[in-house]
Amino acid sequence: MSDWISTFPGYEQLLTTAKKVFGKIISTGPVPRHVGIIMDGNRRYARQNKIEIKEGHSLGFETMASVLELLYESGVECATVYAFSIENFKRSNAEVKWLMDLAKLKFQQINQHSDLCEKYGVKIKILGNKKYMPRDVAKILKETEELTKNNKRATLNVCFPYTARDEIVQSIKAVVDESTKNHDLIIDESALDRHLYTSDSPPLDLLIRTSGTFRLSDFLLWQCVSPDCSIVMVDKLWPAFKPWDMAKVLLQWSFNQYWYGHGNGYTTSTVSGIQLYQSSSLIDLNDTKSSSGYQRHAEWQDDISEEDIDAEEGEVEDGQESSGNSSVIDRDDEVDTVTSSESDSSKK
Amino acid sequence: MTSSKLSDHVRSEAKVNTSLKDITSEINSLSVDSSRSNGPEKPPNSIRNSSLVDVVKLTLTDLFNFAKLKAHQQTSSLLELIQFYIYHFILLFVFVLITIYKSIQTSYRKFFIKFYTLTYYHNKSPQLIRDDVNKLSKIPKVLSCILDLKDKDDEMGGIDGLINQISELSAWTISAGIPYLQIYEYNGKLLGNKQYLSKLNHSISKNLSEYFGSSILPNYSIKIPHQNFIIYGPNNNSNSEIDLTISLISRVDGKPTIVELTKTMSELAISNELSIRDISIELVDEELIELVGPEPDLLIYFGPNLDLQDFPPWHIRLTEIYWEPDNYDVNYSILIRALQKYSNCTVNVGK
């Protein structure tokens, strides 16, 4: 059905416009700053629809591109996608090799079109243990990071190859190392936070897992147990997950934040209350960042325009071209998506 | 560096005895009712510390600032302002629709929870629970539950409510044949106070005797990993097998324990007893299992919306998570539905 609709002329254009309008609407209310996505279900989708697994992965990539576009239009500052788990090396040699080749190909494409990427303003960061990566892939990824490091509009963290336990151990090691050099170092949770891969990103607000599996599968464990992070499990397989579903999740989050002051919705726990009480006894009502009124919105807009001072005219151009650009961006991401998915575990 | 040495270090650092201490006799000697005198502190549930005057003042300055802002950028700002409010109005309209949808959904779910509560009732008979569980293809070895400490005035609220819930849960898990039950409560109110523990021990054995009869009371032990305490049930002989281990954990067993481990490691590294290269996932895993407990197979949250509340992050890697939306109680039907869900899923790491 949806395939049939998408053959109409102007469908893509309509979709992009719809995303823009939705983004404008939802950014007038609370929006998560950092979204994590476990893209699970590419292979199962391929099996169910009797297509090749490779094709399942590339469909998964397209979904990711389209979902990320919506996220960035809505004002999400940072998205983290689970592209490849260290455990995925347990898959068949052929599949791992194919995924690596695909990653190489896609990132090479990004590197060649870096100017477009720059225009869209997405900074790509690779999170994960680089020693597991083949050397040629690592080199290309490094290049991509270098090329996009000055972009400021939004961040895309690609977890490749990553597990949360590896991240925690890496952070412990870094702290221990630092403490041997600096004996006065105070070791606490913030010290460990500082050395996590996500240390540059805002705290995780929303974690989405597809394919109806209620497991975290070693993804951002340290970040997502926080009482302020809400976890959403979706029944659909990743390639069947459309921007419309993403919009529903975002609206729900926004509603919960607006109504209950908490992304999870109504909770009976006393946890966040206590934490708020401890951290700031008085909440500054004049803090425009936290309110959802026009002033916050205006400030947010100001921030953006300040960042793009050098290209004030470029901004307009940006807006017009963003549909084209975005598809390029996604191409970068393609790597992740394609490789990604089914990252850990799958349900029967 | 042997593993036991590291965790011993962490414990001695926290001024906890390094060998597992049996405090059963100490607990039993405490009278049950004495805890009533010093009730639990009420958790702060209000963050409104500013007075009305402050609010009015801040609102006025806000308005004033806004007027100034508008004066600065007259033309574009006004247009943007109108645009913003149009979009915001649409958003609020959608929110109104969501509230209507949610209220319908809530009543629908509540009806179903009621229905399941009536369908699955344990009737305080281990045999009925056993029958329900025998239909399942597999059950978890380690079950973890997140419980909320509710307000004292609520139904099943306060410390007494929590103790009741834990004793019911332990009776169900023993009947289901699950050998390890982990209870997570964020504040850890129960763990710090030996009188509460005494009460808990008493309540569990009383509840078990209601299920099993006092002559064949199952064997259980209560563990508090953070303080390294263990309490044995009333009819414990050293040679008999333990049917259920109840482990009580709180926020301190999560991130703070990992921090403690890091501190210990850095001390050892400074004194050159541990090389950084030796720190591996396996080592940390071993230590955290020793300090906190095993990785749970199934995690049940008995609250309306999933909220992990700083649960130990290391331990929920492959844990199946279950919660029933719009459910507020610790209910047998929830447990059995979680077990059913668990028996239907397969974990294949990476593949």
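At what angle do helix α5 (residues 126-134) of chain B and helix α6 (residues 158-176) of chain B pack?

**View 1. Packing of helices α5(B) and α6(B) in a predicted model.** The two helices pack at an angle of about 60 degrees, with their axes 8 Å apart, where axes are lines fitted to C-alpha atoms over the stretch in contact and angles run from 0 to 180 degrees between N-to-C directions. That angle makes α5(B) oblique to α6(B), the class left over once angles under 35 degrees (roughly parallel), over 145 (roughly antiparallel) and 65 to 115 (roughly perpendicular) are set aside. Helices are DSSP runs of H or I with at least four residues, and strands are runs of E with at least two.

**View 2. Residues at the contact of α5(B) with α6(B).** From α5(B), B:Pro126, B:Ile129, B:Arg130 and B:Val133 take part, and they meet B:Trp172, B:Ser175 and B:Ala176 of α6(B), contact being counted when C-beta atoms placed from the backbone lie within 7 Å.

**View 3. Strand β5 (residues 229-232) of chain B and its pairing with two strands.** Strand β1 (residues 21-22) of chain B runs parallel to β5(B) and is joined to it by 2 bridges, with B:Phe229 as the bridge partner of B:Lys21; strands pair if DSSP finds at least two bridges between them. Strand β4 (residues 220-224) of chain B pairs with β5(B) in the antiparallel sense over 4 bridges, and here B:Ile230 is the bridge partner of B:Lys223.

**View 4. The hairpin of β4(B) and β5(B).** These strands have 4 residues between them, and B:Asn228 in the turn has a positive phi of about 60 degrees.

Residues are numbered from 1 along each chain as its sequence is written, and chains are lettered from A and ligands numbered from 1 in the order in which they are written. In this predicted model, local features need pLDDT of at least 70 and side-chain atom pairs count only at pLDDT 80 or more, whereas totals for chains, interfaces and linings use all residues.

Methods: Contact = placed C-beta atoms within 7 Å.
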